[in-house]
Amino acid sequence: MISIRYVPSIPPPDINAGNAESPLTGVFAVNTPAHDHSGVSHLAEHMCFRGSAHFPADHELFVANALLPLSINASTHAGYTYFYVQCTNKALFISAIQFIYSGMVNTHYSNGQFEAERSGVLVSELSLLESNTDYANNIAIRRNDTSPMAYKHAGGFSDLMQNIEFNDVIDYKRKWYKTNNITLLVSGKDCGLANVCRQAIAEVTDRPCGNSPQAKTASTNATLTEVQSSNLNTNTIINPSAFSAHNETSERYVSTWWVPEHFTNDLLTFEPQIHTNFNQLGRFYIDCEVNHKGMIAIRFVHNANANHQMRVHTNENLQSVLTRLTIKPKPSLFKDSKLPGGVQRLVMYYLQNNAPHHSRYPASASAVGARSLAYYLASPQKSSTIFHLNKETNISPNTSSTPDVNERTSATLASNFSSLTSLDNLPPLPRLLHKLAALALQDLEQKFKHADKHWVYYVDKPFHCHLKTMITEASFWRPRTNGDCYALGVARFNEHVFIYAAQDSQLSTRACWCKSTLTSHT
């Protein structure tokens, strides 16, 4: 049985006792160490939402987040993957806990599901991230860093994703998604919530699970990595000011110093100042992701015309500046703007109390307290590497294998809690698509607006009464479950409703698809 702990909740500051109800929050924490750049853990996380014996619908997650008063999602950081649910309705919360857990321990998938998620959804997601210059430059540095301290990139790369085989995912889930490697933290006003969740998980654990005939026997060698989930509301992941696109070259030297993560707060405070002071010589930035040794990277990308002597001189000056500044070790707090505040608090609690080998807990700050930043800057961990900027690639998702989707399978959560489904629960439109939505509102005659591989479709109010039925059907979500796009959904923007998609490989057909999908329900 998994470890389940109740954590007394601290209501967020935006909730007043008389105005809103504090939500119940649950976070599953799974130890998922990184060993390479393969991206198999990222794919394993996605597959956790690809149905299970108890919640077989491929579109279960999408319907729940669109129509029910809850939020379900996942995110993986250095060494750990977190699945969470927030909801004010206790019965719905418990069922959502069962849904997440069932998907986490499931290892039975069809080859079609695997191909659609790997070659369609994930390649689309990673291609979107890699189209950002700052992200691509930082990834180029990481991919060419061969030091023992080098990051094992969490999310994988679009050009490596096809190397993951079906059995790699099955092996990975069997190795890491085991009951003794999963912790569930719950918080809310009900102090008996942990016991209720324990009974609920036991119920789906004891219930018979059928074997999928398409599932292959897992091989003995699993590919090990970790995942960092992206989010459509995040336009860039790592240090958007670290590089200038117009100053790119094919080859640059990078100097790296590895320091304990407890120096992060002060380093980030001084980062803009140092960047400005050294701007003529190259680019200074802090890569504040924590590596497998509890360290973060201080990077300096030298100008292309800098010779060896110039680079040495710059490094010495940079070390001198850093050591003169007041940079002290402090407790590191978990922060991820993609996660709700209550979820972040539970993750921080987990890292403080359940993950003694992870450096992110306040007590560990004292371990480095006796050593100044100068100690680490002068250590042999400093290295210089050459990196080659990757040329822009346009990898088209390969979704030739159509998943075996049973379109008669209904979304269980929405069916069981139909009285709670409402268009009032529609999520906000992702920021990535705000400009397209604004353009659509300026010209309502042209309901379909697109740019690159993203699009939005304005839904007239007369059609709103048909949206609930449309959203619950598996056929509506087919572009996403088939792997044609990275994201698909229905959302609100300035009180208006839009159908949308991101990284859609079938963009040319979507205007007609939206129109026919809506009219078929009238």
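Tutor: A salt bridge is a side-chain nitrogen of Lys or Arg within 4 Å of a carboxyl oxygen of Asp or Glu. In this predicted model, Arg50, Asp58, Glu117 and Arg480 are linked in a network of such bridges. By this rule the count comes to 14 salt bridges.

Student: Why are aspartate 266 and lysine 330 called a salt bridge?

Tutor: Their side chains meet at 2.9 Å, N to O. The cut-off is 4 Å, so the pair qualifies.

Student: What makes this pair a link between distant parts of the chain?

Tutor: Aspartate 266 lies in helix 8 (residues 264–277). Lysine 330 lies in the loop between helix 9 (308–324) and helix 10 (341–353). The two are 64 residues apart.

Student: Why is aspartate 266 called buried?

Tutor: Its relative accessible area is 9%. Buried means under 20%, so aspartate 266 is buried.

Student: Why does lysine 330 count as partly exposed?

Tutor: Lysine 330 has 37% relative accessibility.

Student: What makes aspartate 460 and lysine 447 a salt bridge?

Tutor: The side chains meet at 3.3 Å, N to O. Aspartate 460 sits in the loop between strand 11 (454–458) and helix 15 (464–472). Lysine 447 sits in the loop between helix 14 (434–442) and strand 10 (448–451).

Student: Is aspartate 460 buried or partly exposed?

Tutor: Partly exposed, with a relative accessible area of 22%. Buried requires under 20%, so aspartate 460 is not buried.

Student: What makes a set of residues a nonpolar core?

Tutor: Its members are buried nonpolar residues joined through side-chain atoms within 4.5 Å. The largest core here has 85 residues. Phe28, Ile72, Phe83, Phe93, Trp455, Ile471 and Ile499 touch the most other members. Helix 3 (residues 90–105) gives the largest share, nine residues. A second, separate core of 26 residues includes Trp258, Phe263, Ile274 and Tyr376.

Student: Which residues does phenylalanine 83 touch?

Tutor: Among them are Phe28, Phe49, Ile100, Met104 and Tyr177.

Student: How many of the chain's residues count as buried?

Tutor: Of the 522 residues, 56%.

Notes. Residues numbered from 1 in each chain as written. Predicted model: local features only at pLDDT ≥ 70, side-chain atom pairs only at ≥ 80, totals over all residues. Heavy atoms only, no water. Buried < 20%, exposed > 50% of the residue type's maximum accessible area, 1.4 Å probe, protein only. Helix = DSSP H or I, 4+ residues; strand = E, 2+ residues; numbered from the N terminus. Contact = heavy atoms within 4.5 Å. Lists of a residue's contacts leave out its neighbours within four places in sequence.
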